[in-house]
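Morning, everyone. Please have a look at the sequence and the model on the screen, and then I'll walk you through a few places in it.

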Amino acid sequence: RGGDDDDAYSSYSDGGRSRSDDDGAPRVLMEGWLTKSNPSGKRWKRRWCVLSELTFSYYDGSDKRDKGLKGAFEVGYAELSVGWSLDKKTPTPYVFQVTIPSRAYYFCAESEAERDAWLAAFEDAVDPAYDSRSDASGRS
């Protein structure tokens, strides 16, 4: 699909076993358009989002070389939930929340399938990071 800005989202794939690309950079798990809220839930802006095994980054546009990075956070300690806890209107009903120790982020997807794909990709990013931090998890 090669960078078509009109794609709602890029499909999620967990087919690769490597935690990094050939050049050593963290593997991108998913990228595509989401609508992101400011912390108060009053303003929503469309952002190009990129999830790797280590970080979630969001930009003004899909051409990251020309558009500035708007924000990023590490996904290792992220907690995920579906829905909207604020008493504000959302652009779509397909809201999910990513909470890190310092902040909660709210995102709207265009469809339930898109939201579920992002959540699955986040789970793939969060679980391996959790496993490497905890000796008592019992998982290998």
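S57 lies in strand β3. Strands here are DSSP runs of E, at least two residues; helices are runs of H or I, at least four; both are numbered from the N terminus. Residues are numbered from 1 along each chain as its sequence is written. This is a predicted model, so local features need pLDDT of at least 70 and side-chain atom pairs count only at pLDDT 80 or more, while totals for chains, interfaces and linings use all residues; side-chain values use heavy atoms, with hydrogens and water left out.

Is S57 buried or exposed? It counts as buried, because its relative accessibility is 10%. The cut-offs: buried is under 20% relative accessible area, exposed is over 50%, and partly exposed is in between, with a 1.4 Å probe and protein chains only. The areas themselves come from the Shrake-Rupley method with a 1.4 Å probe, and for residues only the protein chains shown count as cover.

What touches S57, leaving aside neighbours within four places in sequence? W48, C49, V50, L69, G71 and A72 are in contact with S57. Contact means heavy atoms within 4.5 Å.

Now two loop residues. S85 sits between β5 (79–82) and β6. S85 counts as exposed, because its relative accessibility is 58%. Beyond its neighbours within four places in sequence, S85 is in contact with Q97 and Y106. S85 and G41 are 44 residues apart in sequence, yet their C-alpha atoms are 9.8 Å apart in space.

Y77 is in the loop between β4 (69–74) and β5. With a relative accessible area of 55%, Y77 is exposed. From Y77 to V98 it is 21 residues in sequence and 9.9 Å in space, C-alpha to C-alpha.

V98 comes up again with F122. Leaving aside neighbours within four places in sequence, F122 is in contact with L51, F56, F73, V75, L80, F96 and V98.

That takes us to the core. The largest nonpolar core has 23 residues, and L51, F56, W118 and F122 have the most contacts inside it. Such a core is a set of buried Ala, Val, Leu, Ile, Met, Phe, Trp, Tyr and Cys residues joined through side-chain atoms within 4.5 Å. Two or more residues each come from β1, β2, β3 (55–59), β6 (95–100), β7 (103–108) and α1 (112–133). Which element gives the largest share of this core? That is α1, with 7 residues.

Next, the largest pocket. It holds about 150 Å³ of space. K36, S37, N38, R43, W44, K45, R47, Y58 and K70 line this pocket. β1 (28–37) and β2 (44–52) are the elements that give two or more residues to the lining. β2 gives the most, with 3 residues.
A pocket is an open set of points on a 1 Å grid over the protein atoms alone, where a 1.4 Å probe fits, with protein on both sides within 12 Å along at least five of seven lines; lining residues have an atom within 4 Å of a point. Grid points are joined across faces, edges and corners, and the volume is the space filled by probe spheres set on the points.

Last, the whole chain. There are 1 helix and 7 strands. From the N terminus, the order is β-β-β-β-β-β-β-α. Of the 140 residues, 38% are buried. Among contacts with a separation of 6 or more, 43% join residues 24 or more positions apart. Thanks, that's my tour.
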